[in-house]
Amino acid sequence: MNFFRGVMGGQAPGPQPSGAETIQKLCDRVASSTLLDDRRDAVRALKSLSKKYRMEVGTQAMYHLINILQTDRSDSEIVGYALDTLYNLICNDEEEEQDESEDAVTPKPKQKTVPLPDENAQKQADDLSAQFTEKFIEDPEHVTLLLTLLEEFDFHVRWPGVKLLTALLKNQGPQVQGVILVSPMGVSRLMDLLADSREIIRNDGLLLLQQLTKSNAAIQKIVAFENAFERLLDIITDEGSSDGGIVVEDCLLLLLNLLKNNSSNQNFFKEGSYIQRMKPWFEVGDDNAGWSAQKVTNLHLMLQLVRVLVSPVNSPGATASCQKAMFTCGLLQQLCTILMATGVPADILTETINTVSEVIRGSQDNQDYFASVNAPSNPPRPAIVVLLMSMVNERQPFVLRCAVLYCFQCFLYKNQKGQGEIVATLLPSTIDANSISAGQLLCGGLFSADSLSNWCAAVALAHALQENLSQKEQLLRVQLATSLGKPPVSLLQQCTNILSQGDKIARRGSKVQTRVGLLMLLCTWISNCPIAVTHFLHNQENVPFLTAQISENLGEDERLVQGLCALLLGICIYYNDNSLENYTKEKLKQLIEKRIGKENFVEKLGFITKHELYSRAGQKPQPVFPSPEQMLFDHEFTKLVKDLEGMITKAVHKSSEEEKKEEEVKKTLEQHDNIVTQYKELIREQDAEIQKLKEQVASVSTQNEQLQTMITQQLSQIQQHKDQYNILKLKLGKDNQSQSNSQGDISQVNGVQTEELTQLRDEVEELRKQNTLLQTQLGDKDSLINTLRSEATLSTESPDAPSDNTELLKELEALRSQVQAQSTEISQLQTERQELLRRAEATTASDTVQSSDGSDDSAKVTELENRLAAQTSETERLKGELKSLSESRANLELELASATSSVAILQTENSKLQTDVQESKKEQDDLLMLLADQDQKIHNLRQRLKELGETVEDEDDLDARDQTDDDEEEDDDDEED
C-alpha cells in the first residue's frame with residue numbers, strides 16, 4: 001500500500017523511484033495480481049501517468065491494457081480506466097480533467113487543442129500517436145473488441161470507447177475503416193450512438209461518424225441506409241436548425257460527408273423527400289441584424305449542402321431531378337428571399353448567390369422563375385438587374401462580384417430564351433430611357449475605367465451569345481452613342497476601338513485584363529457566325545492591328561494577348577465566307593505567311609493553352625480566383641479554345657489547291673448526300689404507303705372473317721331445317737299407315753287425299769334436294785372467299801394495291817348481298833316447315849275424332865267431304881308456294897353464275913397484281929444497286945479526304961446537322977410569323 005500511496009500522491013520516506021521504474025512495477029502488478037482491486041488501482045495509476053510519461057506507458061503497458069479489456073470486461077470501472085489510458089496514448093489533444101465520479105456531464109462537444117511549445121515537440125507527439133495507433137490496430141481483433149465494448153450502456157465504458165475509436169480513425173483512417181467495414185454489424189453499432197439519450201455520447205458519436213465516413217463510399221452508403229438522414233435531420237430540427245449550436249454544425253458536416261461525390265446517397269436523399277425538409281432552414285425574418293458566428297457557420301454549411309445536391313460535377317439527370325424537387329417544394333423561392341433580404345451578412349449573401357446559381361443552372365423552369373424575381377425596391381427592379389449593378393460596382397467585395405457573374409452565367413446556361421431577353425435590352429426598339437436594363441449595365445461595365453468591370457461585363461455578354469447564332473446576328477444591330485454630335489457606332493466597332501486604344505486609356509487595374517476580356521468576347525461573338533466575321537473584317541483597321549500585335553515581341557504579360565489575337569484572326573479565316581474580296585481566306589493566309597509566318601502564328605496561338613491560369617479555369621464552371629489580377633479565363637471560353645485550336649491550325653497550313661479539292665469534295669459529298677436524302681424520302685413514302693395497304697388488308701381480312709362466320713351460322717341453320725324435315729316426313733308416314741289399317745272405307749273415300757299427301761311428300765323431298773344444292777353452293781362460295789383472302793394478302797407487296805383492294809371490297813359486298821338473299825330463302829323454308837308441321841298435327845287430330853265417331857256414317861262422309869275440300873284448297877296453296885320456291889331457286893342460280901364470273905375476273909386481276917409486284921421488286925433491286933454504287937463513291941471520296949488530313953463527318957452526324965438546321969429554320973419561320 002505504501003507503493004500506491006507514493007504513486008497516487010502520498011510521499012514515502014527514502015529515495016523516490018523513477019517514472020520508468022514506477023511504470024514497470026505497475027505493469028507487473030497489472031499482469032500478475034490476482035485481486036481485481038489491485039489491478040484496478042494499478043490501471044488507474046497508469047492512467048494518471050499516461051500524459052506525463054506517454055512514451056514509457058505506451059511501450060510497456062499497451063498490451064497489458066488490451067489484455068484488461070479482454071479479461072476484465074465484467075468490471076466497467078477498470079475497463080473505463082484502460083480505455084482512458086489508451087486514449088491518452090493515442091490522442092494528441094490536451095483534454096481538461098473530468099471528474100470520474102460523474103455519470104453524466106455535458107462536455108464540450110469539440111475538444112480544444114493546445115499547441116505544443118515548438119514544432120519539434122508537436123512532430124514528436126504526432127509520431128508517438130502514429131506509432132501507438134499502428135501498434136494497437138496491428139491486430140484487427142483489437143478494433144473488433146473496441147466495437148464490442150461500445151455496446152455497453154455504462155457511461156464509463158461507452159464514452160471513452162467512442163473517444164478512443166475517434167482518435168484511431170483520425171490517425172489511421174483507411175485501416176480502421178477497413179476493419180469496421182468487415183466487422184459484423186460494425187457500422188450499425190456506431191449508428192446506435194445517435195440514439196443515446198446522453199448528449200455527450202451522441203455528440204461525440206457525431207464526431208466519430210464524421211471521421212468514419214471520410215473518403216469511403218461503401219461506409220457512406222451503409223450509414224445512409226441505416227436511416228442516418230432521418231436521425232440527423234431530426235437532431236438539426238431539435239437543436240434549432242440554423243439557430244442551433246455546434247451540434248447542428250457537426251450534423252451538417254456529417255451530411256456533407258455522406259452526400260458529396262456519392263450519387264447513390266444523393267438519389268436516396270432525394271427519393272426519401274429529405275429535400276423538402278431543408279426548406280425551413282432558410283426561413284429568415286425581417287430583422288437580420290446581429291447574426292451570431294455560429295448561425296453564420298450553420299447557414300453556410302446548409303447552403304453548401306444544397307450545392308452538393310445540384311453541383312455541376314454530378315450527373316445531369318441527378319442534378320436536374322434535384323433542381324426540380326427544390327423548385328417544387330419552394331426551396332428555390334426561399335433562397336431568392338434571402339437573396340433579396342436586407343441585413344444578411346456578406347459571406348452568407350455570396351454563398352446564397354452561388355447556391356441559387358447552381359439550382360437554376362440548365363433548368364428552364366428554375367431559370368424562368370429567377371427571371372421573374374423582383375427586388376423589394378421602389379420601383380421594383382428585376383433581381384438580375386440588381387445583381388448586375390453589384391457586379392459592375394467596383395466598391396463591392398471581389399468574391400461577391402465573382403458570385404454575381406457566376407449567377408448570371410448559370411442563368412444563361414442552355415437558356416436561349418434568357419439570352420434573347422438580355423440581348424433585346426440592347427436593341428434600339430426595346431430600350432426604355434426611364435429604367436435601367438441589364439444590357440445598359442453590361443455596356444456600362446464594358447466601357448468603364450475599372451478593368452475588373454470590363455472583364456466581368458465582357459464575359460457576361462459572351463455568355464449571352466454562347467451557342468446562339470441568332471443572338472450573335474441580333475447583337476450586330478446594337479448602336480452606341482459615343483459622344484454628342486458624333487454618329488453612333490456599332491457595339492462590335494466600339495469593342496475593337498477600345499481594344500486598339502487600350503494603352504492610351506487610363507484604367508484602374510490590369511490593362512491586360514481588359515484586353516483579354518474584350519478578345520474573349522469578340523472570339524465568342526464571331527465564331528461560327530460568318531456574318532459577324534464579315535462585319536469585323538469590314539473595318540479596315542482590324543486585320544492590321546491583329547497582325548501587328550501577333551508579330552511583335554512583347555513581354556510575358558502580353559503573350560496571352562498575342563495568343564488571343566491569333567485566335568481571333570484564325571476564326572476570321574476559318575469562318576470566312578469570302579464575301580469581302582480584300583479579305584478572303586486565301587488572302588488572309590498569305591498575309592499571315594508574309595507578316596507573321598505560319599509556324600510563328602501557330603506558336604503564338606499555343607500561348608493560350610500553355611498559360612498557367614488556363615487549366616485552372618477549365619476545371620469547373622464557377623469563377624474562383626484568389627485575386628482580381630488572376631481573373632483572366634472563363635470556363636466556357638476554354639471549351640471554345642479546345643474546339644477551335646486544331647481546326648484553325650489546319651486551316652492556316654492548307655494550300656489553295658487543297659482547299660479547292662476540299663471544296664470540290666464537299667460539293668460532291670453534298671450532291672451525293674442530296675441524292676441519298678431523296679432516295680431516303682422516296683423509301684419513307686413507300687414505307688408509308690405499304691403501311692397503309694397493310695392496314696387496308698387487315699380491315700378486309702376482318703370483314704372476310706365476319707362473313708365466314710355468318711356463312712357458318714347459315715349452314716348450321718340449314719342442317720337443322722333438314723333434320724326437322726326428316727322428322728316431319730317420318731311422322732306423316734306413321735299417321736297415314738295407322739289411318740289405312742283402322743278404316744278401310746275411309747281409305748277408299750280418302751283416296752284422292754292420299755295421292756295429294758304423296759305428292760306433297762315428293763315436293764318436300766324436292767325441297768330437301770334444293771337445300772342440299774344450296775349448301776354445296778355456299779361451300780363453294782366459302783372456298784372462293786378463302787381464295788380472295790389469300791390473294792388480298794399477296795396484294796400487299798404491290799404499290800398498286802389500293803385500286804385492287806377496292807375491287808375486292810366490291811366483290812365482298814356482292815357476296816354479302818348473296819348471303820342475305822340466302823338468309824331470306826332459309827327463313828322462307830323455315831316458315832314452310834312450320835306450316836307443314838302444323839297441318840300434320842291438325843290432320844292427326846281430325847283422324848282421331850273421326851275414328852271415335854264411326855257409328856254415324858253420314859256424319860263421317862260429310863266431315864270427310866269437308867276435309868277433302870279443305871285439303872284440296874291447301875294443296876293448291878302449297879302448289880303456289882312451290883312455284884315461288886322454284887322462282888327463288890332460279891334467282892339463286894343466276895346469282896351463283898354472277899359470282900362465278902366475278903371469281904374469274906378477280907383471278908385475272910390477281911395475275912396482273914402478281915406481275916406488277918414482280919416489276920416493283922425489280923425496280924427496288926435497281927434502286928438498291930444505285931444506292932450501293934453511290935455509297936461506294938462516297939466512301940472512296942471520304943477515304944481521299946482522310947488521306948488529305950481532313951476531318952470527315954459520318955452520315956449520322958450529317959443527318960443530325962441537317963435536322964438541327966431544319967429545326968432552326970422552323971424556329972426562324974415561327975418568329976417571322
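Q: Is N261 buried or exposed?
A: N261 is exposed, because its relative accessibility is 63%. Buried means under 20% relative accessible area, exposed over 50%, and partly exposed in between (1.4 Å probe, protein chains only). The model is a predicted one, in which local features need pLDDT of at least 70 and side-chain atom pairs count only at pLDDT 80 or more, while totals for chains, interfaces and linings use all residues. Residues are numbered from 1 along each chain as its sequence is written, and side-chain values use heavy atoms, with hydrogens and water left out.

Q: Where is the place of N261?
A: N261 sits in the loop between α14 (246-259) and α15 (263-271). Helices here are DSSP runs of H or I with at least four residues, strands are runs of E with at least two, and both are numbered from the N terminus.

Q: What phi does N261 have?
A: The phi of N261 is positive, about 60 degrees, although N261 is not a glycine.

Q: And N227, what is its phi?
A: N227 is not a glycine either, yet its phi is positive, at about 65 degrees. N227 belongs to the loop between α12 (217-225) and α13 (228-238). With 38% relative accessibility, N227 counts as partly exposed.

Q: Which residue takes a positive phi just after α28?
A: That residue is N528, with a phi of about 60 degrees.

Q: How many residues of α28 are buried?
A: In α28, 15 of the 16 residues are buried, and the helix is mostly covered.

Q: How far apart are the end C-alpha atoms of α28?
A: They are 23 Å apart, which agrees with the 22 Å that the 16 residues of α28 (residues 511-526) should span at 1.5 Å a residue. The expected span of a helix is 1.5 Å times one less than its number of residues.

Q: What about helix α25, how many of its residues are buried?
A: In α25, 13 of the 13 residues are buried, so this helix is largely enclosed by the rest of the structure. The 13 residues of α25 (residues 451-463) should span 18 Å, and the end C-alpha atoms are 19 Å apart, which agrees.

Q: Changing topic: how many salt bridges does a search of the whole structure find?
A: The search finds 21 salt bridges. A salt bridge is a side-chain nitrogen of Lys or Arg within 4 Å of a carboxyl oxygen of Asp or Glu.

Q: Which residue forms a salt bridge with R40?
A: R40 is paired with D37, and the closest N and O atoms are 2.7 Å apart. Both residues are in helix α3 (residues 36-49), and because they are three residues apart, about one helical turn separates them. An α-helix has 3.6 residues a turn, so residues three or four places apart point the same way. R40 is buried at 13% relative accessibility, whereas D37 is partly exposed at 46%.

Q: Which residues are linked with D37 and R40 in a network of salt bridges?
A: D75 and E77 are linked with D37 and R40 in that network.

Q: And R307, which residue forms a salt bridge with it?
A: R307 forms a salt bridge with E351, with 3.0 Å between the closest N and O atoms. R307 lies in helix α16 (residues 293-309) and E351 in helix α19 (residues 346-360), so the pair ties together parts that are 44 residues apart in sequence. R307 is buried, at 13% relative accessibility, and E351 is buried, with a relative accessible area of 9%.

Q: On the surface, which residues form a nonpolar patch?
A: L181, V182 and I222 form a nonpolar patch, with about 250 Å² of accessible area together. Accessible areas come from the Shrake-Rupley method with a 1.4 Å probe, and for residues only the protein chains shown count as cover. Patches are made of residues with over 30% relative accessible area and no salt bridge; like charges are joined within 9 Å, and nonpolar side chains (Val, Leu, Ile, Met, Phe, Trp, Tyr) within 5 Å. I222 is found in helix α12, and with a relative accessible area of 33% I222 is partly exposed.

Q: Which residues form the negative surface patch?
A: That patch is formed by E919, E923, D925 and D926. Asp and Glu count as negative and Lys and Arg as positive, while His and the chain ends are not counted. The place of a charge is taken as NZ of Lys, CZ of Arg, CG of Asp or CD of Glu. D925 is in helix α41 (residues 857-947) and is partly exposed, with a relative accessible area of 46%.
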